[in-house]
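Hi,

Here is the structure I promised to pass on. Have a look first, and my notes follow below.

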Amino acid sequence: MLELAAGLADTGFMAARLVGETGRVIITDFAPEMVAAAHRRAEELGVGNAEFRVLDAERMDLETDSVDGVLCRWAYMLMIDPAAAFAETRRVLRPGGRLAFSVWATPERNLWASLVGRALVTQEHIPPPDPEAPGIFAMADPGRIRELVLGAGFGEPEIEEVALHWAFTDQDDYWRFLTEVAGAISTVLRALPPETQVMVREQVYEEAEPFRSGAGYDFPAVCLNAVAH
Ligand SMILES: C[S@@+](CC[C@H](N)C(=O)[O-])C[C@H]1O[C@@H](n2cnc3c(N)ncnc32)[C@H](O)[C@@H]1O
């Protein structure tokens, strides 16, 4: 089993448990720091049937027909050339092997992630995003998922909506997530002068008010999970 763009490998470690002691999971990411952190985590958690490699999903240094399954959570839509990544995925999967991946549904259904982009656009710090450009919502349209999956030579994908919750313990916890964890947006936010950051933060908090839960927030979220052979 191969996990692409694994980050800290939450998903890959679940797969490692499922494949059991005789199975193996290859945990990969193109960021060496992520692979090193996932490796350390595996040692802490006692995951013994995983190996770790730096691997770019768009050009995989792996043999053709070499893995039984591929997993990828929340990453294909961030890739510069997703068509190349899906074609590479098809190449390394053995015939009949299964691809399972997850991407985010539309910004309107994932306000936990989109409110801040909206605030940055309305306050004119960034232009409106190009919906086709790589980014968290670039595969929110099931038609786009289908096009990429079929274009890479897979059969018709099964696509399922999965609802989940994204919770933050308090406002600082949410702001820390937005400024430190939320990918490209974090870089934009951190580059703003402090007084401008305050204005963006105020707009985000105001629009997040309907999702207040205790001292923090509880946002509904929706991702699209797809399986293809
Ligand atoms: C949002 S994180 C998701 C991490 C993990 N899959 C998870 O669900 O927690 C996206 C990850 O994709 C990785 N990534 C982005 N483009 C990649 C590529 N072309 N090849 C491999 N990894 C990539 C990043 O380094 C990052 O770790």
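Let's start with the inside: the largest nonpolar core has 59 residues, and Leu2, Tyr76, Phe101, Tyr174 and Phe219 touch the most other members. By core I mean buried Ala, Val, Leu, Ile, Met, Phe, Trp, Tyr and Cys residues joined through side-chain atoms within 4.5 Å, with buried being under 20% relative accessible area (1.4 Å probe, protein chains only). Strand β8 (residues 216-228) is the top contributor to this core, giving eight residues. A second, separate core has 13 residues, among them Ala9, Phe13, Val35 and Ala38.

Before you dig in: this is a predicted model, so local features need pLDDT of at least 70 and side-chain atom pairs pLDDT 80 or more, while totals for chains, interfaces and linings use all residues. Numbering runs from 1 along each chain as its sequence is written, and side-chain values use heavy atoms, without hydrogens or water.

Back to Leu2: beyond its neighbours within four places in sequence, its contacts (heavy atoms within 4.5 Å) include Ile26, Leu55, Met60, Val70 and Val92.

As for the whole chain, there are eight helices and eight strands, taken as DSSP runs (H or I, at least four residues; E, at least two) numbered from the N terminus. Buried residues are 45% of the 229. Of the contacts between residues at least 6 apart in sequence, 76% join residues at least 24 apart. The C-alpha trace spans about 55 × 40 × 30 Å along its principal axes.

Cheers

Notes:
Buried means under 20% relative accessible area, exposed over 50%, partly exposed in between (1.4 Å probe, protein chains only).
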